Each structure stands twice: as C-alpha cells, then as structure tokens.
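Let's take a friendly walk through this fold, going from strand pairing to the packing inside. Keep the viewer open as you read.

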Amino acid sequence: MSQQVVVAPDAAGVRLIVCTGVFEYESLDPLRDAGAAAAADPTVRQIALDLSRVTLADSSMLSELLFLLRTGRLVLVGHVPRALDRLFDLTGVRDLFPLADAGAVARTV
C-alpha cells in the first residue's frame, strides 16, 4: 500500500492537494491531515483536489471527500480515476462533487 499526498503552495486563495496511489482506512492520514489543514485555514477560499493518480480508494476516502465537500470550498480537478469512478457510481454521489479543469486551477496556483 503506497500513496503520496502533495500540497502545493497556496496561490490566489487556492490550495492544491495532489493524491497518488492507494487510499484506504489505514493509509488515509496524510490526506486527512492535508484536508483538515486546508479546511481550518480561513485564507483558503478553494480546496482543489487532484485525484487523477489514485489507484485504489475505499469508503473511508469517500468519507474524507464528503467532509471536504461540506466546507463548501472543494473542487475536484483533472479526471476522476476508475478507482473513484466506480465508488461514486455505487454510492450515487457523483453529482455532488464540483469538477474543474486542471488547466484552470494550474493557472491560479
């Protein structure tokens, strides 16, 4: 189980968090920490989450995504990988998550 969470420096109030690899209950702490820090920071007006490199995700990752969604500042950037695409379909939450073009977010970060 390997994964990586990279937090890019904030730019124009946007915090970009890039996730790579496997995200299960046992490996979720780096994402949980990065998400909580972004949610607690009043200078962050948008949390841009790039999940395009996620290879495996379980319901605990979905729970974390829903937590970030409740901040009202979450946007997913890039494509939704197969690992999350199926999870979104099975749980019926696909339409809850706002999507943004990765290029547009990259220009602001």
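Strands β2 and β3 (residues 46-57) pair in the parallel sense over nine bridges; two strands count as paired if DSSP finds at least two bridges between them. Within this pairing, Gly 21 stands opposite Val 54 in β3. Together with α1, these two strands make a right-handed β-α-β unit: with the strands pointing away from the viewer, the path from the first strand over the helix to the second runs clockwise. Helices (H or I, at least four residues) and strands (E, at least two) are DSSP runs, numbered from the N terminus.

A word on the source: this is a predicted model in which local features need pLDDT of at least 70 and side-chain atom pairs count only at pLDDT 80 or more, while totals for chains, interfaces and linings use all residues. Residues are numbered from 1 along each chain as its sequence is written, and side-chain values use heavy atoms, with hydrogens and water left out.

The mean pLDDT of the chain (the predictor's confidence in each residue, from 0 to 100) is 91, and 92% of the residues reach 70 or more.

Where pLDDT is low, the predicted coordinates should not be read in detail.

On its other pairing, β2 runs antiparallel to β1 (residues 3-7), joined by five bridges, with Gln 4 opposite Thr 20. Six residues lie between the strands of this hairpin, where Ala 12 takes a positive phi near 55°. Nine of the 10 residues of β2 (residues 14-23) are buried, meaning under 20% relative accessible area with a 1.4 Å probe, protein chains only; exposed means over 50% and partly exposed lies in between.

Which residues of helix α3 (residues 82-91) are buried? They are Leu 84, Leu 87 and Phe 88. Seen down the axis of α3, these fall within an arc of 100°, so they line one face of the helix; the arc is that of the directions from the helix axis to the C-beta atoms. On the other side, Arg 82, Arg 86 and Leu 90 are exposed.

The largest nonpolar core has 24 residues, of which Leu 49, Leu 51 and Met 61 touch the most other members. Such a core is a set of buried Ala, Val, Leu, Ile, Met, Phe, Trp, Tyr and Cys residues joined through side-chain atoms within 4.5 Å. Its largest share, five residues, comes from β3.
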